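Good morning, and thank you for the time.

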Amino acid sequence: MANNHNSSRHTIILLQNSPSRATRTFMDYDSIGQAMDGICGIYERKLKEINPSLRNISYDIADLYNFIDGLADLSALVYEHSISAYLPYDRQWIKQKAFNHLKRIANGSR
């Protein structure tokens, strides 16, 4: 059986901010966890743009889900070693992975 551990699964996030195709972009990460950090980082930067005077920004999982749902498009491609190919995942999968990732961070382990 191939190593399915999240730490070794290259992940590409495909993102489109608005209905305009010009806003399509992608980011790639060495792991699913890093990809979830990246999505949270995008949301946090947006919050700082909206609230430039706030020093500390906090949000809950519902806020992050609303941000993810508000994107025109969001999906992930995760490398699966056993088949030497990338598997596509949708926005719901990303929300579940982000939730699990943030829960692990909140519990003090990465």
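Let me begin with F26, which sits in strand β2. Please bear in mind throughout that this is a predicted model. Is F26 buried or exposed? The computed relative accessible area of F26 is 54%, and since exposed means over 50%, F26 counts as exposed. Setting aside neighbours within four places in sequence, F26 makes contact with I12, I13 and L14. As for I50, 24 residues away from F26 along the chain, its C-alpha atom lies 23 Å from that of F26.

Strand β1, residues 11-16, is joined to β2 by six bridges, and the two run antiparallel. One example is I12, whose bridge partner in β2 is D28.

Now to the sheet as a whole. It is an open sheet of four strands, with the order β2-β1-β3-β4 and antiparallel pairing. Which strands stand at the edges? They are β2, residues 24-29, and β4; each has a single partner strand, and therefore one side of each has no neighbour in the sheet. From one strand to the next, the twist averages 20°.

Helices pack against this sheet. Helix α1 touches β1, β2 and β3, and its direction makes about 25° with that of β1. Helix α3, by comparison, lies across β3 and β4 and runs at about 75° to β3.

I turn to α3 in detail. How far apart are its end C-alpha atoms? The helix covers residues 91-106, and at 1.5 Å a residue its 16 residues should span 22 Å; the end C-alpha atoms are 22 Å apart, so expectation and model agree. At the start of the helix, a side-chain oxygen of D90 comes within 3.3 Å of the backbone nitrogen of Q92.

Which residues of α3 are buried? They are R91, W93, I94, K95, A98 and H101. Their cover includes α1 (32-50), α2 (61-70), β3 (73-80) and β4 (85-89).

Finally, consider G108, in the segment after α3. This glycine takes a positive phi of about 90°. With a relative accessible area of 67%, G108 is exposed, whereas K95 is among the buried residues of α3. G108 and K95 are 13 residues apart in sequence, and their C-alpha atoms are 20 Å apart in space.

That concludes the tour, and I would welcome your questions.

Methods. Residues numbered from 1 in each chain as written. Predicted model: local features only at pLDDT ≥ 70, side-chain atom pairs only at ≥ 80, totals over all residues. Heavy atoms only, no water. Expected span 1.5 Å × (residues − 1). Buried < 20%, exposed > 50% of the residue type's maximum accessible area, 1.4 Å probe, protein only. Contact = heavy atoms within 4.5 Å. Polar contact = N/O pair within 3.5 Å; in protein donor to acceptor, adjacent residues only side chain to side chain. Pairing = 2+ DSSP bridges. Axes fitted to C-alpha atoms, helices over the stretch in contact; angles between N-to-C directions.
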